[in-house]
Structure formats: C-alpha cells, structure tokens
Amino acid sequence: MSGAIKKFIPLFDRVLVQRFAKETTTKGGIVLPDSSNVKVLNATVVAVGQGARNQNGDIVPCTVKPGDKVLLPEFGGNKIEIEKEYFLFRESDIMGKWSE
Amino acid sequence: MSGAIKKFIPLFDRVLVQRFAKETTTKGGIVLPDSSNVKVLNATVVAVGQGARNQNGDIVPCTVKPGDKVLLPEFGGNKIEIEKEYFLFRESDIMGKWSE
Amino acid sequence: MSGAIKKFIPLFDRVLVQRFAKETTTKGGIVLPDSSNVKVLNATVVAVGQGARNQNGDIVPCTVKPGDKVLLPEFGGNKIEIEKEYFLFRESDIMGKWSE
Amino acid sequence: MSGAIKKFIPLFDRVLVQRFAKETTTKGGIVLPDSSNVKVLNATVVAVGQGARNQNGDIVPCTVKPGDKVLLPEFGGNKIEIEKEYFLFRESDIMGKWSE
Amino acid sequence: MSGAIKKFIPLFDRVLVQRFAKETTTKGGIVLPDSSNVKVLNATVVAVGQGARNQNGDIVPCTVKPGDKVLLPEFGGNKIEIEKEYFLFRESDIMGKWSE
Amino acid sequence: MSGAIKKFIPLFDRVLVQRFAKETTTKGGIVLPDSSNVKVLNATVVAVGQGARNQNGDIVPCTVKPGDKVLLPEFGGNKIEIEKEYFLFRESDIMGKWSE
Amino acid sequence: MSGAIKKFIPLFDRVLVQRFAKETTTKGGIVLPDSSNVKVLNATVVAVGQGARNQNGDIVPCTVKPGDKVLLPEFGGNKIEIEKEYFLFRESDIMGKWSE
C-alpha cells in the first residue's frame, strides 16, 4: 500500500477499497485479454471513515476495517485514481466480508 | 456446506440463502428439463449478518439463523456465485420461515 | 387447517390469511361460475408474525391473531400456494376486523 | 345503526364513516334525481380504530369518536359495502368535525 | 362570524381562514369587476385545530389563534363553503402573520 | 425599514429578506438598464420566525437575526410585496452570512 | 486568503472550499490550455458552518476544518464568486480528506 493512499481518510461511513486483480487466465489456462469485461467484486479495504452519524449526531464506528476482504455490490461506488485505481463505497452498500 | 461459503459473513441485516433444488419430475412423473422456468422460493439460510443498526446506531440482531428454511419474495435479492449459486436478501424482505 | 400451513411463521408484521370461499349462488339463486371475477375481501387470519420493529429495533406485537376475521384491502398482498391458496399482508394494510 | 356494522372494528387509525344522505330537493324546491353528481362531504363516524402507533410502537388513541359529525376530504377513502355504503378514512385525512 | 362556522373544529394542525374581501377599486379609483383574477393572500384565522402530533403522538398546539391576520401561500389549501367561503390550511403552510 | 414590514412575523423557520439594490453601473462605469437580468443573491434579513419545531414539537430558534447580511440560493423563496419587494426563505436554504 | 472571503460564514453543515489550481502541464511537459475540460476534485476548506442540527435541533459540529485538503464529489456544490471562485458543499457530500 503506497504512502500516498495511506493518507486519504474517507469521511463518515465511506470505505476506500481496492478491487482484486482481474484473473488473466481461465481455469483451462486460456489467457484473457486485460480488457475482458468482467467486473471484479472482491476487494480489499484500504481505509475506513470514522463512521456515520446516528440521529443524535454521534459517530457510529464502521464495522469493517483496513485489510478486510469484502464483496462489493455490482453497481455503485465512486472511482478515485490516486496512482492506482480505488473505489469509495458507503459501508452499508458492502454486501459482506470474507473471514479468515 | 463447503468451507469456502462458511467463511462469507454478510454485513448488517443481510441473509445468505441457498434455494432448494428444482423439482425435476412433476407429480405425475414427467421429467422436467433443468431449464424449466420455475423459480424456487424456498431456501435454506446459510449465513446471517450481525443485524441492522437502529436509530442510535446499535446493532439489532437478525431473527433468522443459519439452517432456517425460509420463503423468499418473488423478486429481489442479489445472486452470488461461490462454487454454488447463493442469494443475499435483506432480512426484512424474507416472507417467513418454516417451523419444524 | 392443514399441518403444513400451521408450520409457516410469517416474519415481522406479516399476516397470513385465507380468503373466504367465493359465493357460488346469487341472492336470487342463480349459480355463478367458479371463475366469476369477484374478489373476496373477507379472510381468516391463519398465522401472524412476531411483529414489526420499532425505531429501537424492539418487536411490537401484532394486534390481529390467528382465527380473526379481517377485511382485506382491494389491492396488494402476496399470494402463496401451500396446498391451498393463502395471502400474506402487512398488518398495517389490513382494513379492520369483525368482532364476534 | 345496524348490528352488522357495529361489529366492524377498523385497524389502527382508520375511521369508518357514513356519508349524510344526499339532499333530494334544492332550496327552491326542485326535486333532484338520485343520481345527481354531488359528493356529500359531511359524514357520521360509525366506528374508530384503536389508534396509530407512535415511533415506539405504542398506540395513540384517535381524537374522533363514534357519533361525531365530520367533514371528509374531497378525495380518498375506501368504500365498503356492508348492507349500506360506508367509507374508511385515516383519521389524519379527516378535515375537521362539527361541534354541537 | 356566523354561529354555523364557529361550530367547525379543524382536526390536528389545520387552520380555517377567511380571505380578506377583494379590493374593488384601484388606488386610482377605477372600479374593478368582482371577477378580477387577483388572489387575496391575506386572511383572518377563524378556527384552529388542537395541533399536530409529535413523534410520541402527543399534541403540539398551534402557534396561530382565531383572529390572527395571516399571509397565505399562493397555492394549496382546501376550499370549504359554509354559508361563506372558507379555506383550510396546514399551519406549517402559512407564511407568517401580521402583528398589531 | 418601514413600519408596515416591521409588523410581519414569519412563521416557524421562515426568514424575510430584502435583496440588495442592483448595481446600475459596471466596474468600467457603464450604466446598466434597470431591467438587466442579474439576480442579486445578497440580502438583508428583515424578520425571522420563532424557529422550526424539532421532533418533539419544541421550537428551535433560528440562527440568523434581523440585520444579518446573507447569501441566498439561486432558486427558491417566495416573493412578497409589501410596499417594497421582499422574499421569504426557509432558514436552512440560506447559504451563509457575512460577518462584520 | 483574502479578507473578504474570511468574512463569509456558511450556515449549518455547509463547507466553503477553493479548488486546487488546474495543472497546466502534463507529466510529459505538454502545456495544457487553461480551458481544458478537467474538473479539479481536490480542494482546500476555506470556511465551515457551525454544523447541522440533529433531531433535537442541537448543532452537531462539522468534522472538517479550515485548511483541510478534501476530495470533492464529481457533481454537486454551489459556485460562489467572491473575488475568486469558491464552492459550497454539504459536509456529508465531501468524500474524504488528505491527512498530512
């Protein structure tokens, strides 16, 4: 993880993720072109906001943390390019995480 | 249940379910093709999120649990393929469950 | 009431009802075909969910109970076929009930 | 008020009303046909639900009661035929009442 | 104010008002026909409901009272004819009042 | 400020403002016609309502006060003519104020 | 930062920002015309409102402060010209900030 991206702090319940690299070979060993139109839904959490506000205005911490492997929804999120390509999602839009 | 899917933890009030297998013979014994267009609405709960947040931001645990047999709504849910085909539903969208 | 349907437990504030049988003769004694397009709005409550959650996430029990005769709204509800034809309605969509 | 209708209990904040009879003569004494297209907005409250739930799920009793003369909104309400023609309105949709 | 209208009690936060009479002469003394299409936005409060319910279901009294001179919004309100022409507005839709 | 306008009291969180006079000469000294289509967004607060109600129905006082110089949004507000031209805005629609 | 802009105080949870200057040369050293259609999403916070109201009407202070370097969303915000070009955003629309 580069120093530049470490320094980005999402606001509220936003979560910064980096999608897994696209698989470039099929199970049968066929090499896929980089431009294959397969959306990668698995991602690693890179940075997490402090949390959303509840109705009293208090901060409710996020339940995911940097390093978590998560499953993204098919649509949504904001692309951010800081050296590499990252995405910002609201925590509540993330489908789930993979335990170790 | 495979080890891979055991390791998926839905976020908040999401519920991971696996639909029952399609019936491949009618009551009269006619064999149905696998592609018959009948949607299976009964499913088994495979994994359950911690629960949704209430207005204070506290987690409210789900009322369904892994192993429950549930009735799904006709529409909605997100398909997830992890070895087999699974679906994610919000707990509040599940119609009901079958007691034993 | 069959054993099968007894075992269905609606989730939250959903109410499972069975519509009254269609009247098959008019007041004047004319036999109506079974396919007459009259919607039966009276129904018997068969099963009731635990209740909806309030803003704190606590369960608020339903006010109708199995056996109640209720008046359904003209539209809405989800048809469920379990041996016979049943319908699921949110409790708040039910118009009222008939006291004895 | 018939015994049949007495036995209908609206759910929550619904109010069952019976519209006043249409005036069949004008002030000048002209007899109006029964089918004249004048909507009667004054009505008598016949039955009242227990009240709506507040945010905690507690019941908040209605402020109108059976026997009240009320002014209905021009649109809305659900027609119910039980021997005679009645209408169900949400209490909050009723415009006001006539004191004695 | 007639006895008839005195007896109308708006429900909740509804306010019954009577618009000011249309000015029938211009500043320059020209007589305007009664049908001139100028909407009168100033009105006198005739009757006031008990107040809207807050989230707990408690009544919050209105801040305007009978006799107040108010400024109405250009659109909205329900016309009611009881001998004369009156209008019902939600208190929160009233723009302001004129102090003495 | 005329006596007439002083006597107008906005309801709830409404704020009565008077837009600054249009500049009639450009920086270069060119005289602009009065009808130039430039919207003036700076305004002076003339009168302020008691404040909006919170969820309990209690009044929350406004944060702007008569005499404040404010920046209006480009759209919205209600024009009111009382001798001069004034505008009513919800306090939450006002963009900000100018400190001295 | 000029004295003029220092004196602007956003209302509630609005944040006044100044976008970074557009880069006028590419990495390869090609000079870009000033009118190049690249939206600058990084900005410096110039002024911050007191904060939004929570459900009780109490002010919840903003989490960003003047001097913070923030990442803006691609769309939204209100342009304000006070000598230079500034933008107003709701704090919750700001994507994140850059720590030092």
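This is a predicted model: local features need pLDDT of at least 70, side-chain atom pairs count only at pLDDT 80 or more; totals for chains, interfaces and linings use all residues.
**View 1. An open antiparallel sheet with strands from chains F and G.** Seven strands make up this open sheet, in which the pairing is antiparallel and the order runs E7(F)-E8(F)-E2(F)-E3(F)-E6(F)-E9(F)-E1(G). At the edges lie strand E7 (78–82) of chain F and strand E1 (8–10) of chain G, each of which pairs on one side only. On average, and with direction ignored, neighbouring strands of this sheet are turned by 40° against each other.

**View 2. The pairing of strands E3 and E6 in chain F.** Asn42(F) stands opposite Leu71(F), a residue of E6(F).

**View 3. Strand E2 of chain G and its pairing with E8 and E3.** Strand E2 of chain G (residues 14–19) has 5 of its 6 residues buried, that is, under 20% relative accessible area, and is therefore largely enclosed by the rest of the structure. E2(G) pairs in the antiparallel sense with strand E8 (residues 84–90) of chain G over 4 bridges, and here Val17(G) has Phe87(G) in E8(G) as its bridge partner. E2(G) is also joined by 5 bridges to strand E3 (residues 42–48) of chain G, again running antiparallel, with Ala47(G) in E3(G) as the bridge partner of Leu16(G). In a regular strand, side chains alternate between the two faces of the sheet.

Terms used:
Residues are numbered from 1 along each chain as its sequence is written. Chains are lettered from A and ligands numbered from 1 in the order in which they are written. Side-chain values use heavy atoms; hydrogens and water are left out. Two strands pair if DSSP finds at least two bridges between them. Helices (H or I, at least four residues) and strands (E, at least two) are DSSP runs, numbered from the N terminus. Axes are lines fitted to C-alpha atoms, for helices over the stretch in contact, and angles run from 0 to 180 degrees between N-to-C directions. Buried means under 20% relative accessible area, exposed over 50%, partly exposed in between (1.4 Å probe, protein chains only).
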